[in-house]
Amino acid sequence: MNHHRTPLFTALKDHAALNPVQFHIPGHKKGLGADTEFREFIGDNAFSIDLINIAPLDDLHQPTAVIREAQMLAADAFGADYTYFSVQGTSSAIMTMILSVCGPGDKIIVPRNVHKSVLSAIIFSGAKPVFVSPAQDVNLGIDHGVTIQSIRRALERHPDAKALLVINPTYYGVCTDLKSIVELAHSYQVPVLVDEAHGVLIHFHEDLPLSAMAAGADMAATSVHKLGGSMTQSSVLNLNTKNGYVNPQRVQTILSLLTSTSTSYVLLASLDTSRRNLALHGHEIAQKAIDLAEFARRTINDIDGLYCFGKELLGTEATFNYDPTKVTIHVRHLGITGYETENWLREHYNIEVELSDMYNILCLITPGDTDDSVNILLNALQDLSRTYYQVNPAHELVVKVPDIPQLMLTPRDAFYGDTEVIPFKESAGRIISEFIYVYPPGIPILLPGEVITQENIDYIIDHVEVGLPVKGPEDRSVTNVKVIVEADAIF
C-alpha cells in the first residue's frame, strides 16, 4: 500500500481550503466564535479542520471513504487484518475488546494489575474475572508480566473462559513470552486480547519485543499517542481474524457504542499522519529512541546510588524481553522515594517524569527526544545523587501485597447493588462495592464483589497513614467504605 498517502488528513485540508460557509457544529465556525486568546494560541489551522462527520469527510461510526482508507493503511502498517481508530484513548479500545467477546456471566482471565478500563469493561459486561497474579520483582519493587505456568493453571481450572487478557509490554516495558501464551490459550480455544498501550514502537523495529499481532494475538489495543507521535487520546484497535475468534463487524458495533458521535477530526488526522510517519520512518525513529535510551541507561548506572535495569533482568517467563526505551530508575539507595524524586526533579530542573512509585521513577525516551533533552535528565540525576547519596540511609525494600480476596459477586452486581456506608476499619467480612487501589505497586487491592479481609484493611490503612496515594473509593480518606447490604455467593 502507498503509505505516503494520508487520505483523511488530505481530505480535511482540501475541505478547509474550499472555505465553505458552515451552518453545522462546531459552533466556533473555523475559530471565529472561539475565545480570542485560545484561538491565537492554537492557530487557525487547527480550527479549520476541527469538523464533524459531513459527507466529504466520512464517518468513523460507519466509514466508507477516507476514514476507511486511512484505517486500511493503518492495518497494513501494524500487521493487522483490521484496524479501528479510537478518539477516546486506549481505554475505549480495551473496553471494546472485552465487550465484543464477553457477556453477562462469562469468565475472562486477567492479570491482577490491569488498567481500570479492563475493570470498567468487566462491570459493564457483567463478566466474571478470573485473576492471575503478575510476577513480583523483589529487587525493584515492581510487577512484571504473567507466567506461562500461571496462565496454564487458570486455563485448566477455567477451560470455559471466553477470553484471556495480557498486558504486554507492562508500564515499565517488560514483556512476557507472548507468543507461547497465545499458542497455549488457542489450544483451549480461548482468544487472546492484549493491552498493548505502551507498545506502539515494537511494531517497527526488530530489536524491540514481539508485537501482539506478530505473536498471533486476536486483538490488541495500542496507544499511538503514548509513543508514536499522535495527539493525546488517539489510539488504535488492531484485529487478527485468521484464527476465527474475532468478528470485526461486532467489534465495530461495540466501538461505535462507546464512541462519541462528535468524533474529533483533529485526533483522527493525527492518527492518519502518525501512521504515515511510522510506516515510512518507524525503524529509523525507533532506532534513535533506542540509542538515546541505551546511552541514558549506561550513564545512569555509573551514577552513585542509582540503578536502571536492562538486559540483565531477562531470563524468566515474566521477563522474557523488554523495551529499552522505558528507562526505569531505581532510587532506593539514595534514601528517598520515587515520589520525592519526582518532586525534586520538578522543583529543581523543571523535569516531568512519566510516573513514580515507592522505589522508582519511569522516564520515557521517545522519537521526540534529543541529545539535549536526555543530557538535561542525566545532569539532573547526577545532581540528585550528589545531594542524597550516603546522606540518608537506604530504605528497606518491602513488597507485600495481600492475597487476592474471594469474589462473592460479579463486579457489576456489586457495583450496582444495594449498598450501605460503614467505617472501613469495621468492614472485615463484608462485600465491597467500590474499588480500592494502593500505590505502590499499583495492583488493585479490592474490587467490587470481593470480601474484605482484615489483612486488606491493615495493608490499606498502613499506606494511608504514611501518606501514599490510595485511589478508588468515594471517600478519599478511606474512613468509610461502601459495602453490599446483603448478597448470595455466585461460586
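In which sense do β1 and strand β10 pair, and over how many bridges? Select residues 235-239 for β10 and show β1 beside them. The two strands pair in the antiparallel sense, over five bridges. Two strands pair if DSSP finds at least two bridges between them. Now pick S86: its bridge partner in β10 is S235.

A word on the model before moving on. It is a predicted model, where local features need pLDDT of at least 70, side-chain atom pairs count only at pLDDT 80 or more, and totals for chains, interfaces and linings use all residues. Residues are numbered from 1 along each chain as its sequence is written, and side-chain values use heavy atoms, with hydrogens and water left out.

**Stop 1: the sheet**

Widen the view. Seven strands form an open sheet, in the order β1-β10-β9-β8-β6-β2-β3. The pairing is mixed. Strands (E, at least two residues) and helices (H or I, at least four) are DSSP runs, numbered from the N terminus. Colour β1 (82-86) and β3 (128-132): these are the edge strands, and each pairs on one side only. From one strand to the next, the twist averages 20 degrees.

**Stop 2: a helix across the sheet**

Select α5, residues 89-101. This helix lies across β1, β2, β6, β8, β9 and β10. It runs at about 165 degrees to β9 (219-222). Axes are lines fitted to C-alpha atoms, for helices over the stretch in contact, and angles run from 0 to 180 degrees between N-to-C directions.

Which residues make the contact? On α5, show S92, M95, T96, L99 and S100. On α10, show R250, V251, I254, L255 and L258. Contact means heavy atoms within 4.5 Å. By class, this contact has six nonpolar, three polar and one charged residues. Ala, Val, Leu, Ile, Met, Phe, Trp, Tyr, Cys and Pro count as nonpolar, Asp, Glu, Lys and Arg as charged, and the others, Gly among them, as polar.

**Stop 3: α1 and α11**

Select residues 7-18 for α1 and residues 265-300 for α11. Their axes come within 7 Å and cross at roughly 130 degrees. α1 and α11 are therefore oblique to each other. From α1, the contact uses P7, L8, F9 and L12. From α11 come Y265, L268, A269, D272, T273 and R275. The contact of α1 with α11 has seven nonpolar, one polar and two charged residues.

**Stop 4: α12 and α13**

Go to α12 (residues 338-349) and α13 (residues 371-388). They pack at about 115 degrees, with axes 11 Å apart. α12 and α13 are therefore roughly perpendicular to each other. Show T341, W344, L345 and Y349 of α12, which touch α13. Among their partners in α13 are N379, D383 and Y388.

**Stop 5: R430**

Finish in the loop between β16 (419-423) and β17 (436-438), where R430 is found. Not counting residues up to four places away in sequence, R430 touches several residues, including E420, E450 and V485.

Notes. Angles under 35 degrees count as roughly parallel, over 145 as roughly antiparallel, 65 to 115 as roughly perpendicular and the rest as oblique.
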